[in-house]
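Biologist: I would like to learn how to read salt bridges in a model like this one, going from the general idea to particular cases. Could you take me through them?

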2 protein chains.
Amino acid sequence: MPRDGNPTRERILRAAERLMTDQGYSATSVDQVIAAAASSKGAFFHHFSSKTDLAVHLMRRYVAGDLAQLDAGLTATAHLTDPAARVVAFLRYYEDGADHLMTEQSGCLYATVLAEREFTGSEMNDEIARTARTWRDAVAGLLRPALGGRRDIDVEALADHLYTTFEGGFILCRTYADPSAMRAQLRIHRQLVEALLGS
Amino acid sequence: MPRDGNPTRERILRAAERLMTDQGYSATSVDQVIAAAASSKGAFFHHFSSKTDLAVHLMRRYVAGDLAQLDAGLTATAHLTDPAARVVAFLRYYEDGADHLMTEQSGCLYATVLAEREFTGSEMNDEIARTARTWRDAVAGLLRPALGGRRDIDVEALADHLYTTFEGGFILCRTYADPSAMRAQLRIHRQLVEALLGS
């Protein structure tokens, strides 16, 4: 079901997300998006004023989906009272979702947008940074009680390492043309964190 | 000193690498490269037949630099006889070089090229995969004796996690507009591997 009830707008957004993630923002034209969405110029410009406007709406939708994923992992593990067990279960939640993720997308829209100089300093890039910080704060909140005051560990860097693993994982999958590399990377990341919490 | 003895060719390659890494391959025109290199169309086409030809030569140069970095880390730690100590020292070699790396480049040419659909299945993408496998085999060779036959760990995935950390680290640096995030990510990665080897 389209998220906002307008099937044409949703079809254009889906096509644009796939094309831009697959081939980059600059390399994607409005005409390509219209063709991939089986839409028309009239319908496109009814919903979006320009390619940049499309990108802004695409980012808003992508961030909402990303934050929903964070909430899902937090909710799925909220019943666990042992801090270390909750961290491990939280990471395993994304590990278990990795193969499905790779059928849905070939890369991350954040990386696509961050690769474009024209968005440097834009509201869109601010939104990516805010979203990454939201993940960092939430994961750091799970990690702190599990780490029990280890002063040699930068908790925020450790929290960011999940984002790093996702972003690097997408590039590794492209490097080897092997989508199963995402799951393998999230698994090794979870095992590394388990070792740290157990040590 | 220019690596091949031709200063104009080297200046064009350096300018192209910076522009393409900063703003993407599609968004970078030959005219922009010529302007950034303070060169001319005549000089450009004396050295390169097209933008694609430039990219091929750029990749060849980048891969050579990348493999030299791998050799440097292996050589710097070759004297260490304890397998775990060598792994940790090897990872620390790149951690110590992270701040310098981030003054030299804002991203990885591999990620830039892999983001372009036009290179899918190309010799260039094959070369990226071959180089990533060279790193994986070398790092796995260091990890195997240090892990002492732990069967729950996918040694190749753990070896790939260094590449994942570099690639994800570049994107994290862009996300926060903070080049120091690369060093923090390589540090936490080294600490995680240390915990795994010590556990």
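The dialogue below turns to the salt bridges of this structure.

Modeller: Please keep in mind throughout that this is a predicted model. The general idea is that side chains of opposite charge can pair when their charged atoms come close.

Biologist: How many salt bridges does a search of the whole structure find over all chains?

Modeller: The search finds 22 of them over all chains. One of them joins Arg14(A) to Glu10(A), with the closest N and O atoms 3.4 Å apart; both residues belong to helix H1 (residues 7–23) of chain A, where they are four residues apart, about one turn of the helix. Glu10(A) has 5% relative accessibility and counts as buried because that value is under 20%.

Biologist: Which residues are linked with Glu10(A) in a network of salt bridges?

Modeller: The network links Glu10(A) with Arg14(A), Glu17(A) and Arg61(A).

Biologist: Which parts does the salt bridge between Lys41(A) and Asp31(A) tie together?

Modeller: In that pair the closest N and O atoms are 2.7 Å apart. Lys41(A) lies in helix H3 (residues 41–47) of chain A and Asp31(A) in helix H2 (residues 30–36) of chain A, so the pair ties together parts that are ten residues apart in sequence. Lys41(A) is partly exposed, at 47% relative accessible area, and Asp31(A), at 47% relative accessibility, also counts as partly exposed.

Biologist: Are Glu95(B) and Arg190(B) buried or exposed?

Modeller: Both Glu95(B) and Arg190(B) are buried, and their side chains meet in a salt bridge of 2.8 Å, N to O. Because Glu95(B) lies in helix H5 (residues 83–104) of chain B and Arg190(B) in helix H9 (residues 180–198) of chain B, this pair ties together parts that are 95 residues apart in sequence.

Methods. Residues are numbered from 1 along each chain as its sequence is written. Chains are lettered from A and ligands numbered from 1 in the order in which they are written. This is a predicted model: local features need pLDDT of at least 70, side-chain atom pairs count only at pLDDT 80 or more; totals for chains, interfaces and linings use all residues. Side-chain values use heavy atoms; hydrogens and water are left out. A salt bridge is a side-chain nitrogen of Lys or Arg within 4 Å of a carboxyl oxygen of Asp or Glu. Helices (H or I, at least four residues) and strands (E, at least two) are DSSP runs, numbered from the N terminus. Buried means under 20% relative accessible area, exposed over 50%, partly exposed in between (1.4 Å probe, protein chains only).
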